[in-house]
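My entries follow in the order in which I checked things.

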Amino acid sequence: MTNARITLYGIPNCDTVKKSRAWFTEQGLDYQFHDFKKQGVPTAQLPDWLSAVGWQKLVNRQGTTWRKLDADTQAAVMDDASASALMQDQPSVIKRPVVEWHSAGHTQVSVGFVPDQWQAWRDAAPKG
């Protein structure tokens, strides 16, 4: 068992979030779930996410929320600051899930369903 602390951010009715939560449970990994709908976007985390994966990966430009935005709003998203403002205003535009994997004083961030990445982090984590 790893002594990593895992936080999974998303919305409960999202299929990719459901699949991710099931994967963590099947692997016997404890995680904390942060519901964007109930708890909001963790504003303090956004700079770390942007630094780790970039706004282009965090903003789901294929999703329904993005497609419903007017062209001017879409065009205005062109850097970390504008993407951060949009994600705080429209949490559903964030690609899900965002996973923070805290281990040995280091935090890694992933976006989407990426079990191969999570397995690699699990394998590299100190055992406890």
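I took two strands as paired if DSSP finds at least two bridges between them, and I took helices (H or I, at least four residues) and strands (E, at least two) as DSSP runs, numbered from the N terminus. The model is a predicted one, in which local features need pLDDT of at least 70 and side-chain atom pairs count only at pLDDT 80 or more, while totals for chains, interfaces and linings use all residues. Residues are numbered from 1 along each chain as its sequence is written, and side-chain values use heavy atoms, with hydrogens and water left out.

**Sheet.** I looked up the strand order and found an open sheet of four strands, E2-E1-E3-E4, with mixed pairing. E2 and E4 stand at the edges with a single partner strand each, so one side of each is left without a neighbour in the sheet.

**Pairs.** E1 and E2 run parallel and are joined by four bridges, with Leu-8 opposite Phe-33 in E2. Strand E3 (residues 98-103) and strand E4 (residues 106-111) run antiparallel, and six bridges join them; here I found Glu-100 opposite Val-109 in E4. The hairpin of E3 and E4 has two residues between the strands, and Ala-104 takes a positive phi near 50° there.

**Helix H1.** I checked the length of H1 (residues 15-26): its twelve residues reach 16 Å from first C-alpha to last, close to the 16 Å expected at 1.5 Å a residue, where the expected span is 1.5 Å times one less than the number of residues. I then asked which residues of H1 are buried (under 20% relative accessible area, with exposed over 50% and partly exposed in between, 1.4 Å probe, protein chains only). They are Val-17, Ser-20, Trp-23 and Phe-24. On the other side of H1, Asp-15, Thr-25 and Glu-26 are exposed. The cover over the buried residues of H1 includes strand E1 (5-10), strand E2 (32-35), E3 and helix H8 (115-124). Just after H1, Gly-28 takes a positive phi of about 75°.

**Thr-7.** Lastly I looked at Thr-7, which lies in strand E1 and counts as buried because its relative accessibility is 4%. Leaving aside neighbours within four places in sequence, Thr-7 is in contact (heavy atoms within 4.5 Å) with Gln-32, His-34, Val-98, Val-99, Glu-100 and His-102.
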